[in-house]
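Colleague: I have a model open and would like to go through it with you. Can you put it up?

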Amino acid sequence: MEQSRDGNLAQVRHVVLVLSGKGGVGKSTITTELALALRHAGKKVGILDVDLCGPSIPRMLSVGRPEVHQCDSGWVPVYTDPQKSLALMSIGFLMEDPDEAVVWRGPKKTALIGQFVSDVAWGELDVLLVDTPPGTSDEHLAVLENLKKHRVDGAVLVTTPQAVSTGDVRREITFCKRTGLQILGIVENMSGFVCPHCSECSNIFSKGGGEELAELTGSVFLGSVPLDPRLSASLEEGKDFTQLFPDSATFSAISSISQTLLKSLETD
């Protein structure tokens, strides 16, 4: 059985975890937009959505609740495009009722995550992005332990500019260091608000928390993504923001982050 588990990730070139110290910072948004930007750059990408409490990526990519099929080597991911350049496997696909809360104790969650991480037949991918639950719980350890049987390139940490969020990401940085997980960089999300009428960016929260945190901890600052109503609307409607608004400052920010990440992965 171990052989086939290794085999499922054997053709995946890079594995990147997307982490956040707290909920509500837009981790799934960043995961989705990074995947779309990487696909836009001609890469074959996969998303493994392991967020038990809120698997929102299927909605963001407009795939609904498809029936998941199995092949000899495990679950077959759902492809979001005819070219099969973006593959998705979400824990939400395996829930009987999407409106039910997951009221499980740790061992049951850990067992499901272990099986879920190992048993998806990805085939050939340039990058696999893993959207994890917020925090530093036993679910994270289950994801890490199972992925490390293959190889994990590292983690992208998502924060918002406020001190309360960057404080939580500090704990995430400690988690990465203790578990030997390389930090590929920090993304500051909700960094200012882009006016839909004049495109001016106003700092409604604060600014620079992510950059300052990266400097303090010796991590790479990948970039800032503003709050953009067009991005929110695209995610709500399951549309590809990178195709709809290629000239926007928000697309430019996401594209720059994805290129910096890709360069870092390919030079490792």
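Colleague: What should I know about the model and its numbering?

Modeller: The model is predicted: local features need pLDDT of at least 70, side-chain atom pairs count only at pLDDT 80 or more, and totals for chains, interfaces and linings use all residues. Residues are numbered from 1 along each chain as its sequence is written, and side-chain values use heavy atoms, with hydrogens and water left out.

Colleague: How many helices and strands are in the protein?

Modeller: The protein has 10 helices and 11 strands. These are DSSP runs, helices being H or I of at least four residues and strands E of at least two, numbered from the N terminus.

Colleague: And what share of the residues is buried?

Modeller: Of the 268 residues, 52% are buried. Buried means under 20% relative accessible area, exposed means over 50%, and partly exposed is in between, with a 1.4 Å probe and protein chains only.

Colleague: What about contacts along the chain?

Modeller: Among contacts with a separation of 6 or more, 79% are between residues 24 or more positions apart. A contact means heavy atoms within 4.5 Å.

Colleague: Where does I173 sit?

Modeller: I173 is in helix α6, residues 163–179, and counts as buried because its relative accessibility is 3%. Leaving out residues up to four places away in sequence, I173 touches L157, I183, I186, L213 and T217.

Colleague: Switching to α8. Which of its residues are buried?

Modeller: In α8 they are L231, S234 and L235. Down the helix axis they fall within an arc of 95°, so they line one face of α8. The arc is taken over the directions from the helix axis to the C-beta atoms.

Colleague: Why would that spacing put them on one side?

Modeller: An α-helix has 3.6 residues a turn, so residues three or four places apart point the same way.

Colleague: What do they pack against?

Modeller: The buried residues of α8 pack against α2 (27–40), α3 (57–60), β11, α9 (241–244) and α10 (249–267).

Colleague: What lines the second largest pocket?

Modeller: Its lining is G26, T29, M60, N189, M190, V225, P226, L227, D228, L231, S232 and L235. The elements giving two or more residues to that lining are β9 (183–194), β11 (221–227) and α8 (229–237). A pocket, on a 1 Å grid over the protein atoms alone, is an open set of points where a 1.4 Å probe fits, with protein on both sides within 12 Å along at least five of seven lines; lining residues have an atom within 4 Å of a point.

Colleague: How much space is in that pocket?

Modeller: About 150 Å³ lies in the second largest pocket, a volume being the space filled by probe spheres set on grid points joined across faces, edges and corners.
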